[in-house]
Amino acid sequence: MDQLVGRINGSFTTYSWSPIRYIYGCVSHDELAGFYRDSAVALVTPLRDGMNLVAKEFVACQINQPPGVLIVSPFAGAGETMHEALICNPYEINEAAEVLHRALTMPEDERTLRMNSLRRREKANDVNFWMKSFMKQMGSQIEEEDADEVKSVTMHPVTMDDFEEYLADYIGQTNKVALLLDYDGTLAPIAPHPDLAILPVETKNVLQRLSNMPDVYIAIVSGRNVDNVMNMVGIEGITYAGNHGLEIIHPDGTKFVHPIPAELEGKVRDLLKSLQDQVCKEGAWVENKGAVLTFHYRETPACVRAELVPQACKLIESHGFKVGSSHCAVEARPPVQWNKGRASIYILRTAFGFDWSERIRIIYAGDDVTDEDAMQALKGMAATFRVTSSSIIRTAAERRLPSTDSVLMMLKWLERHLSQRKPGGEDTMRALKNKIIARNSSSLKVEMSFVPISLKGAEESALEESSEEH
Ligand SMILES: [Mg+2]
């Protein structure tokens, strides 16, 4: 370690700055708390379990605004419960560099949200909480009134009871609910052509009824362009986000468009022409969605795909766009730091204010790698579903749903749950909550109880893009 630090400092130090301040020795308690408080990023990456308290102490000291970002190793036990921390495998050097970069460039609102949730959990999981959990592990008869259960990460097959178990406590009797839903493959089954992916009548009817409930907020977050997805869904008074959130139409009709560098506009036209001229053959075609182009190859014979798809990707990159893969399609996206995750946070903040995560319950459902951005951004702050028939696809979602039918069932469950709320339930619930809080300082867990304790496998493998074809 000494040699490595010496080498790095020897190569990069100037007379007013050195890249590493290496402290080998003790610092006082107060000094350490100051370091924790002022750090932009804490990288706690033991090679095996250990240093858990360092992560917790860092979180406890984060009183500055904006706060810092915590990165933990999947090998530290803390990684299993500190869901809002970024995870970084210290053996994967390139990945570690990427995670570090993500932490250093993380927007202020996301840092604040993550740190608020981390701090809330550490506050609730105090010394009494840990004592109780140790005693319980040892088989001691201790009150189990607020014991968390370890829940399964899959939901096969799905019944109304599954949703009752997973969502009833989380949604509760008084909370407003924000539903963020992808369209293709989530609400409407995937079809050979985007125009044929029709919203089933039953799904539309439930959504329509939910949208009329005062406690429900609905946003459709799609990769289609915003006018197109609005047409396909056809429900008024809800939010529509198109092109993965680059365009958003709010319920009052106002529109948000994420700025795209001006020089890209001409390039979109050039790229469209190049794709049409060079790779649109044997049934392949390009959909023009404004800022985003989609190259569809579902109808193309497999032997031709192997040649056309890499060629399309090359054209997209050579025009300065990012390649994104979708169901039998490749997308050309503008190179901006905006995705369904950033868009979801923007939508929630616009609708519910800066402290949205404290004020509403959020359900997100999506079927695609682009939805993983949202599941990752909302981790620990929402109930998240990945629609997939596979149990091995990597996902940051908390639950898997096998099909669009099970999304419909979730919507029906929500409708039933909300319409069974008793008038006056709010007062009763508030009284009950106050009572619990007065009695037991760890009772804040009541509000977080939907988070499955065991996310070990998902957390480790999560988040990296895995392309999936349906
Ligand atoms: Mg989709």
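Start by selecting helix α10, residues 226-233: its buried residues pack against β5, β6 and β7. Helices (H or I, at least four residues) and strands (E, at least two) are DSSP runs, numbered from the N terminus. A residue is buried if 20 or more other C-beta atoms lie within 10 Å of its own, exposed if 12 or fewer, and partly exposed in between, with C-beta atoms placed from the backbone.

Before moving on, a word about what is on your screen. This is a predicted model, where local features need pLDDT of at least 70, side-chain atom pairs count only at pLDDT 80 or more, and totals for chains, interfaces and linings use all residues. Residues are numbered from 1 along each chain as its sequence is written.

**Stop 1: helix α10**

Which residues of α10 are buried? Show V226, V229, M232 and V233. They sit on the same side of α10, because they cover an arc of only 125 degrees around the axis; the arc is that of the directions from the helix axis to the C-beta atoms. Axes here are lines fitted to C-alpha atoms, for helices over the stretch in contact, and angles run from 0 to 180 degrees between N-to-C directions. Just after α10, click on G234, which takes a positive phi of about 70 degrees.

**Stop 2: the sheet**

Next, colour the open sheet of 8 strands, in the order β8-β7-β6-β5-β4-β13-β14-β15, with mixed pairing. Two strands pair if DSSP finds at least two bridges between them. Look at β8 (255-257) and β15 (399-401): they stand at the edges, each with a single partner strand, so one side of each has no neighbour in the sheet. On average, neighbouring strands of this sheet are turned by 15 degrees against each other, direction ignored.

Helix α8 (residues 160-171) packs on this sheet too, touching β4 (176-181), β13 (360-366), β14 (383-387) and β15. The direction of α8 makes about 150 degrees with that of β14. Contact means that the C-beta atoms of two residues, placed from the backbone, lie within 7 Å.

Zoom in on β7 (residues 247-249), which is joined to β8 by 3 bridges, the two strands running antiparallel. What is the bridge partner of I249 in β8? Select K255 to find it.

**Stop 3**

Most residues other than glycine have a negative phi, and most peptide bonds are trans. Select N243, in the loop between β6 and β7. N243 is not a glycine, yet has a positive phi of about 45 degrees. Is N243 buried or exposed? It is buried, with 27 other C-beta atoms within 10 Å.

Then go to E282, in the loop between α11 (262-278) and β9 (285-288). Its phi is positive as well, near 55 degrees, but E282 is partly exposed, with 14 other C-beta atoms within 10 Å.

For a cis peptide bond, select Q65 and P66: the bond from one to the other has omega near -5 degrees. P66 is in the loop between α3 (52-61) and β2 (69-72).

**Last stop: confidence**

Finally, colour by pLDDT, the predictor's confidence in each residue, from 0 to 100. The protein chain averages 83, and 86% of the residues score at least 70. Residues 142-153 stay under 50, and over residues 425-470 the pLDDT is below 50.
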